[in-house]
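Please look at the sequence and the structure below before reading on. The text then goes through them step by step.

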Amino acid sequence: MDDFEGVLEGVGTRLRALRQERGTTLAELAAATGISVSTLSRLEAGQRRPTLELLLPLARAHQVQLDELVDAPPTGDPRIHARPVKRKDGAVMIPLTRRPGGLQAYKQIVQAGWPGGEPDQRTHEGYDWLYVLSGRIRVLLGDKDIVLAEGEVAEFDTRIPHWFSNPGPGPAEMLCLFGPQGERMHVRARSK
């Protein structure tokens, strides 16, 4: 039982470290999880016993596995098992990062003809970077109409109206990095 108590006592320290590492306030975490600020504060201070009902939303908000919060013993398998998300428009998004805020990385797979319909350029806060792994991706960016092929990259401020599609003939895969306003992916060429 002593090992069990020791594991539970360490949860608060790990929760505080995760939150601070990500630059998240207790109020922001409370809004993301539905757990009150006072409960979060008591958890981090070790004054409240962590329960599954509290740990699950916290693991989700911090984008970490539950066993990372409770410092479960290693299983010997270091792989991350990302769960693909199928969107309503048919795209499959595979998260490659697991922390909220900051830069987010996804692998996106889209079928030929995706997303269908007429172009509908949108804007939002942020900065996008995309790399085409296979296939072709059409990018409408303001008044520019560009088709990116395998190995090509685009980066842009998302306040510029934009829209993506797969002109075919086959499926396309791309890596996408989405960042807060002003954050940019910097690609440097190697010197010869």
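This is a predicted model: local features need pLDDT of at least 70, side-chain atom pairs count only at pLDDT 80 or more; totals for chains, interfaces and linings use all residues.

Residues are numbered from 1 along each chain as its sequence is written, and side-chain values use heavy atoms, with hydrogens and water left out.

The secondary structure of the chain comes to five helices and nine strands. Here helices (H or I, at least four residues) and strands (E, at least two) are DSSP runs, numbered from the N terminus. The order from the N terminus on is α-α-α-α-α-β-β-β-β-β-β-β-β-β. Of the 192 residues of the chain, 33% count as buried; buried means under 20% relative accessible area, exposed over 50%, and partly exposed in between, with a 1.4 Å probe and protein chains only. Among contacts (heavy atoms within 4.5 Å) between residues at least 6 apart in sequence, 62% join residues at least 24 apart.

In soluble globular proteins, nonpolar side chains tend to be buried together. A nonpolar core is a set of buried Ala, Val, Leu, Ile, Met, Phe, Trp, Tyr and Cys residues joined through side-chain atoms within 4.5 Å. The largest one in this model has 17 residues, and Leu15, Leu40, Leu58 and Leu69 touch the most other members. At least two residues of this core come from each of helix H1 (2-21), helix H2 (26-33), helix H3 (37-44), helix H4 (52-62) and helix H5 (66-70). H4 gives the largest share, five residues. A second, separate core has 15 residues, including Val110, Trp114, Val132 and Leu141.

The buried residues of H4 are Leu54, Leu55, Pro57, Leu58, Ala59, Ala61 and His62. After H4 comes glutamine 63, with a positive phi near 55°.

Two packed helices are described by the angle between their axes and the distance between the axes. How do H2 and H3 pack, and at what angle? Their angle is about 115°, with the axes 9 Å apart; axes are lines fitted to C-alpha atoms, for helices over the stretch in contact, and angles run from 0 to 180 degrees between N-to-C directions. H2 and H3 are therefore roughly perpendicular to each other, a term for angles of 65 to 115 degrees, whereas those under 35 count as roughly parallel, those over 145 as roughly antiparallel and the rest as oblique. H2 contributes Leu26, Ala27, Leu29 and Ala30 to the contact, and H3 contributes Val37, Leu40, Ser41 and Glu44.

Two of these residues can be followed further. Leucine 40 touches Leu26, Leu29, Ala30, Ile35 and Leu58, not counting residues up to four places away in sequence. Alanine 30 is buried, because its relative accessible area is 12%. The C-alpha atoms of alanine 30 and alanine 61 are 9.7 Å apart, although 31 residues separate the two in sequence.

Serine 165 lies in strand E8 (residues 162-165) and counts as buried because its relative accessibility is 6%. Leaving aside neighbours within four places in sequence, serine 165 is in contact with Trp114, Pro115, Arg136, Ile137 and Arg138. Valine 147, in strand E6 (residues 144-149), is partly exposed, with a relative accessible area of 40%.
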